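Look at the chain one residue at a time before taking in the whole fold.

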Amino acid sequence: MGVLDAIVAGVREDLEDRRARCSLDELAARVATMPPTRDPMPAFRAPQLAVIAEVKRSSPSKGALAEIPDPAALAARYAAGGASAISVLTERRRFGGSLADLEAVRARVEVPVLRKDFVVTDYQLWEARAAGADLALLIVASLTDRQLADLFDLAGRLGLTALVEAHTADEVRRALAVGASLIGVNNRNLQTLEVDLAQFETMAGLIPADVVKVAESGIVTRDDVRRVAQAGADVILVGEALVRHGDPTTAIAEFIAAGG
């Protein structure tokens, strides 16, 4: 079993616990009272490189990264640096996150918020919307074509912008087949955890010019930012480099400048 398979297995177990505490009908009732979602696409399509800054306590590859006792305060520092969106890891077992983190961030910042998790059921999209997310991650590698299409469609109906993540040429093809207008290329192989920025450089050429391209994982330095920006990245998603940085506000501003 690869790393991704093991993570998804744990996600499904935790999901059953949450289902037992809150029904889909209860989530739907909560969603019905929510204000409209925020659209991240204008900022992502702007000439300036956009940054999705991530609230991330730990990872399977690096272990503990930062304690982050107040995710909302960190998100506010990200927004002050010019982040176009905030990504919140909500997976518990490997990343130390929760939906409570997302709710706290949503209450603090005005920029769009991404629920970053391993979404494999419609329930999770309803959860994301009820918690205040504006975007949701859909990982092609963890979904069948039917699941991907159904979840992409539901995200749209809930007002969520789907960030469809690919790692290979076939996964890019599958993302385009469902109509994704926001595609992330993960430089990390989710089964082996190996990282290579050349992955984005290779995959970016397969994505049409009118589709927003997000470079994910392995972006640590300004040189890394310049490299993916020159390869066609409209957006970068950065977590580890920011949570370990003493001044994430300045770091984000520097990354935006490097992308220019």
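Leaving aside neighbours within four places in sequence, Arg57 is in contact (heavy atoms within 4.5 Å) with Gly63, Ala64, Leu65, Ala66, Glu67, Ile68, Pro71, Phe95, Gly96, Gly97 and Asp101. Arg57 is found in the loop between strands S1 and S2 (58–59). Helices (H or I, at least four residues) and strands (E, at least two) are DSSP runs, numbered from the N terminus. Arg57 counts as buried because its relative accessibility is 18%; buried means under 20% relative accessible area, exposed over 50%, partly exposed in between, with a 1.4 Å probe and protein chains only.

Two partners of the Arg57 side chain deserve a look. One is the backbone oxygen of Gly96, reached at 3.0 Å. The other is the side chain of Asp101, in a polar contact at 2.4 Å. A polar contact is a pair of N or O atoms within 3.5 Å; within protein, one must be able to donate a hydrogen and the other to accept it, and residues adjacent in sequence count only if both atoms are side-chain atoms.

A word on the source. This is a predicted model, in which local features need pLDDT of at least 70 and side-chain atom pairs count only at pLDDT 80 or more, while totals for chains, interfaces and linings use all residues. Residues are numbered from 1 along each chain as its sequence is written, and side-chain values use heavy atoms, with hydrogens and water left out.

Now the sheet. A closed barrel of 8 strands runs S1-S4-S5-S6-S7-S8-S9-S10, with parallel pairing. Neighbouring strands of this sheet are turned by 25 degrees against each other on average, direction ignored. Two strands pair if DSSP finds at least two bridges between them. S1 (residues 50–55) and S10 (residues 235–238) run parallel, joined by 4 bridges. There, Ile52 stands opposite Leu237 in S10.

Move to S4 (residues 85–89). It pairs with S5 in the parallel sense over 4 bridges, and Leu89 stands opposite Lys116 in S5. S4, helix H5 (residues 99–108) and S5 make a right-handed β-α-β unit. Right-handed means that, with the strands pointing away from the viewer, the path from the first strand over the helix to the second runs clockwise. The chain then crosses from S5 through helix H6 (residues 122–130) to S6, again in a right-handed β-α-β crossover. S5 and S6 run parallel, with 2 bridges between them. Arg115 stands opposite Ala136 in S6.

What covers S5 (residues 113–116), on one face or both? Both faces are covered: Val113 and Arg115 on one side and Leu114 and Lys116 on the other are all buried. In a regular strand the side chains alternate between the two faces of the sheet.

Leu114 lies in S5 and is buried, with a relative accessible area of 1%. Finally, the whole chain. Its secondary structure comes to 12 helices and 10 strands. The radius of gyration is 17 Å, close to the 18 Å that the globule rule gives for 260 residues, so the chain is as compact as a globular protein of that length. That radius is taken over C-alpha atoms, and the rule is 2.2 Å times the number of residues to the power 0.38. Of the 260 residues, 55% count as buried.

Key:
Axes fitted to C-alpha atoms, helices over the stretch in contact; angles between N-to-C directions.
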